[in-house]
Amino acid sequence: MADAALSTAPRAARGGSLALRLRQNAGLLGAIGLFVLFYGVYNLYHPRGFSQQVLIQNANEVFTIALVAMAQTVPVILGGLDLSVGAVMTLVNCLASHLVTGSAGEIALGILACLAAGTAFGFLNGCVVVFGRIQPIIATLATGAIAIGLALFLRPKPGGKLDADLSWAMTNSLGDFAETYGLFDGGQAPWFQPIAGIPVPLVLLVLVAVCVWMPFRRTLTGRTVYAVGSAEGAAFMSGLPIARAKLAAFTLAGFFAGVGGLFLAIQTSTGNADIPQAGAYTLNSIAAVVIGGTSLLGGTGGAVASVVGALVLRAISFNFRIFDIPPLMQPLVEGLVLLAAVSLGALRALRTRNRLELFR
Amino acid sequence: MQNEFAPFLTLTGISKRYGGVRALDGVTFACGRGSIHAVLGENGAGKSTLIKIVSGVVQPDEGLMRLDGREVAFPNPAAANRAGVVCVFQELSLMPDLTVADNILAADPPRRFGLIDGRAQRRRAEELLASIGCADVDPRLRVRDLPLSRRQMVEIAKALAKKPRLLILDEATSALTAADVERVYAMLRRLKADGVAILYISHRMHEIDALADTLSVFRNGRHIETFAKGARSPDRIVELMIGREITAQYPPKPLPKESVGPPRLDVRDLSWGERLKGLSFSVGAGEIVGLGGLDGQGQKEVLLALFGVLKGVGGTVTVDGRPHRPGSPAEAKDGGLALIPEDRKTEGLMLPMSIADNLVAASLKPLSKGLVIDRAKERAAVADAVRRLRIKIGSAEDAVSTLSGGNQQKVVIAKWLMTGPGLILLNDPTRGIDVGTKQEIYRLLRDLADGGAAILFYSTDYDELIGCCDRVSVMYDGRIVRELEGDAITEQAIVASALNMNTEMTHHG
């Protein structure tokens, strides 16, 4: 019965799968375009543009904000905001400056403890939102302050020490990583050569996206996160696990923020309970999410898009170094460029011919 | 122990209160396998509460519910779904940002290694859509991008995906096109033959006539009577529903008048993209003109274009002889227009705000002194509107969302009447509201026309067009294909021109 009817479906009229996907991801495409523009200009004017050193340096500068942006994305898709992501990142950063040192076993345990701490803090956020029935923005404002308080307790003053080998291996190329730990003939194996130049942070970023975010998105829980952001009442009526999805969203946010904080500690080899920095990370994560094309109303977008948004943000500030913009001018210029970037998303208002569509 | 003839669902002494209001009062009710069982009643009769209890959205205060002989209690919709009780809600349960396939298989998608199998899901969605004759809907599209009538079909496919043993349809066909309605009928008859129990809630008598085998009437939270189809006359059924005898359903139409001066609204060659292809028509003061035809032939766009919602509209429109080119609804309002929108919940009302705030929302300027709203004037205007439309409210400060559907729609209409419009546009204003309120609205429209207003009225219900309108313009594919007047407004004529079948030849010979 179904098959007969199916064969008559006007498949040709449906248009290609690719065209449809491009149309549905117009915001992300715009962000990729912006990144190519800003990063291309930066490399063109950089004395050592398009070189491995520049790429490695940039990859290190991008990783933490990219992870915090991924963290922010999940609650935003749910239709909320997480104001604690920067603070959780800072808390894990301080924790790592105590734990990620010593023997190989101690380091491994320390890393696990750091990731568990971030995840647990995210789960706590989820519990406050789900069981306390408090709106995410205000719940995480409070828990964010708690996270900063704990971080200050752990590191009243910047300091601490991380394993030097680990710092070196994680913040350079794959080849350096293999050499540090004696893998693949010390990084000299012939098959390894084509990929030896790739920066480790970039590899980590892709691993987190591919091994954590993408599978999550395809679980029933992950889909429910989108469903709740799109129409919570409809999600309830559809019998979806709403509470589980909310818990999972904040837990995942905690995990991503934790990975970011851990990396920052490895990169800087210190812990620093820097309050302005935590706030800046939180606000920039929201900007990255929006630039990536995720709607603050929830229901659309994705963490990979926010990574692109974070790349755009960082690429903008890279250009300050090239074009010698005085530090006092930088916030002003950054604000203007940011405003212009998010305005691109508003261009659809000019295209639509039914004004009512703007309010949907 | 299964008994073929025992009812599938039985309710015994079910009661439910909301605050001080008894929504259901000791209802005892049964529904059998392989039956299409219509539930009738005005809004507020308890139908919605009944289906909410059966489908697990709310829990009864007292009473017993048995399914297939076993006592059941559903704490949430998911539990009801697991027991095979599935409801197609009037208020859509679709997530607009998810794709059609995601929505149809939302609760239980095909999975491999715990991850959703997108391809299998798409295939399954295609099968389900095809089984209700909707193979033209691409399962990869977002629901947001579908027209309302297609969304409703997706909603039905979603219900089928849950393999119902008891399927509940609550006004599920009110947003559908005539062709889709036929497909849904066919699907329901198949399910009936397969032994599924079907509860069917509708305000449209002809649908119930075409489908149901058993009818139950509810009134004021009580189950009044259940009988086989044909055992009661339509008049008797309506009496049972409203508890009093009814006279005429539609107010009498005045005799056609000779028009003097220019018509209130004159439209020449109205066009908009691919949707409106050059329409010309006019509406005089004191006239009710209907827009008919299948759903989605451009009727809504005509109303939106006149109300300043659409950009890039071509053609000339004059109101009272003056050119009319509104750039926004605000400008259209200043030009003396009012639009009663299609979807009262999103475009008509601000649901969490109070009844009073909603009533004055379109007339804040005349109710203000300088920058401040005059509270005394506002109260007087609200009291006047409530009285004029006989809106049943507790306090005007209650949220408008606490009202029943019919009363909500009255608030929308009252809001616009407060602006004193000379030209009233209505977009399917009686969808999903009860018989009593419908009659009041018909009466009101006629009174407004007699008072000198011009009314342009789009309805998906042909009975309404026939009963209310002085003239009917039938649209097809963005054009007016036929204008009917007086006694020529018949269901046959509307249906024939709606399908663009050229019956003019036979008429004019």
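Here is a tour in a handful of stops, with something to select at each. Keep in mind that this is a predicted model.

**Stop 1: the annotated spans of chain A**

Start by colouring the stretches that UniProt, in an unreviewed entry, labels "transmembrane region": residues 26-45, 65-95, 107-131, 137-154, 196-216, 247-266, 278-297 and 328-350 of chain A. Now zoom in on two of them. Residues 26-45 of chain A are 100% helix and 0% strand, with 29 Å between the end C-alpha atoms. Residues 137-154 of chain A are also 100% helix and 0% strand, and here the end C-alpha atoms are 26 Å apart.

**Stop 2: a pair of crossing helices**

Next, select residues 104-131 of chain A, which form helix α6, and residues 242-268 of chain A, which form helix α14. Two packed helices are described by the angle between their axes and the distance between the axes. For this pair, the axes come within 7 Å and cross at roughly 145°. The crossing of α6(A) with α14(A) is right-handed. What kinds of residue make up this contact? There are 19 nonpolar, nine polar and one charged.

Stay on α6(A) and click Val130(A), which sits in that helix. Setting aside neighbours within four places in sequence, Val130(A) is in contact with Ala243(A), Lys246(A) and Leu247(A). Is Val130(A) buried or partly exposed? It counts as partly exposed, because it has 18 C-beta neighbours inside 10 Å and being buried takes 20 or more. For a sense of scale, draw a distance from Val130(A) to Gln277(A): they are 147 residues apart in sequence and 29 Å apart in space, C-alpha to C-alpha.

**Stop 3: two loops with a positive phi**

Most residues other than glycine have a negative phi. Now for two residues that go the other way. Select Arg133(A), in the loop between α6 and α7 (136-154) of chain A. Its phi is positive, near 50°. Arg133(A) is exposed, because it has 8 other C-beta atoms within 10 Å and the exposed class runs to 12 or fewer.

Then jump to Ser269(A), in the loop between α14 and α15 (275-291) of chain A. The phi of Ser269(A) is near 60°, again a positive value in a residue other than glycine. Ser269(A) is partly exposed, with 19 other C-beta atoms within 10 Å.

**Stop 4: a residue in helix α11**

Move to Ala209(A), in helix α11 (residues 200-217) of chain A. Which residues does it touch, leaving aside those within four places in sequence? Ala209(A) is in contact with Met214(A), Ala303(A), Val304(A) and Val307(A). With 18 C-beta neighbours inside 10 Å, Ala209(A) counts as partly exposed. Leu20(A) is 189 residues away from Ala209(A) in sequence and 23 Å away in space, C-alpha to C-alpha.

**Stop 5: where the chains meet**

Show both chains and look at the contact between them. Chain B puts in 35 residues and chain A puts in 33. On the side of chain B that touches chain A, the elements giving two or more residues are α2 (77-82), β8 (115-116) and α4 (118-131) of chain B. Which element gives the most to that side? α4(B) does, with four residues. Sorted by class, that side of chain B has 18 nonpolar, seven polar and 10 charged residues.

**Stop 6: the nonpolar cores**

Select Ala66(A), Leu67(A), Val307(A), Val312(A), Ala157(B) and Tyr200(B): these have the most contacts inside the largest nonpolar core, a set of 176 residues. α14(A) supplies the largest share of this core, 17 residues. A second, separate core has 74 residues, including Ala356(B), Ala385(B), Val411(B) and Leu423(B).

Click Ala157(B) again. Not counting residues up to four places away in sequence, Ala157(B) touches Ile104(B), Leu128(B), Leu129(B), Ile132(B) and Cys134(B).

**Stop 7**

Finally, select helix α1 (residues 47-54) of chain B. How many of its eight residues are buried? Eight of them are, among them Lys47(B), Lys52(B) and Val54(B). α1(B) is followed by Gly56(B), which has a positive phi, near 85°.

End at Ala186(B), in helix α6 (residues 178-193) of chain B. Ala186(B) is partly exposed, with 13 other C-beta atoms within 10 Å. Leu211(B) is 25 residues away from Ala186(B) in sequence and 9.5 Å away in space, C-alpha to C-alpha.

How values were computed
Residues numbered from 1 in each chain as written. Chains lettered and ligands numbered in written order. Predicted model: local features only at pLDDT ≥ 70, side-chain atom pairs only at ≥ 80, totals over all residues. Axes fitted to C-alpha atoms, helices over the stretch in contact; angles between N-to-C directions. Left-handed = near helix turned anticlockwise from the far one by under 90°. Nonpolar A, V, L, I, M, F, W, Y, C, P; charged D, E, K, R; others polar. UniProt positions renumbered as here; feature names shortened; annotations may be inferred. Contact = placed C-beta atoms within 7 Å. Core = buried A, V, L, I, M, F, W, Y, C linked by C-beta atoms within 7 Å.
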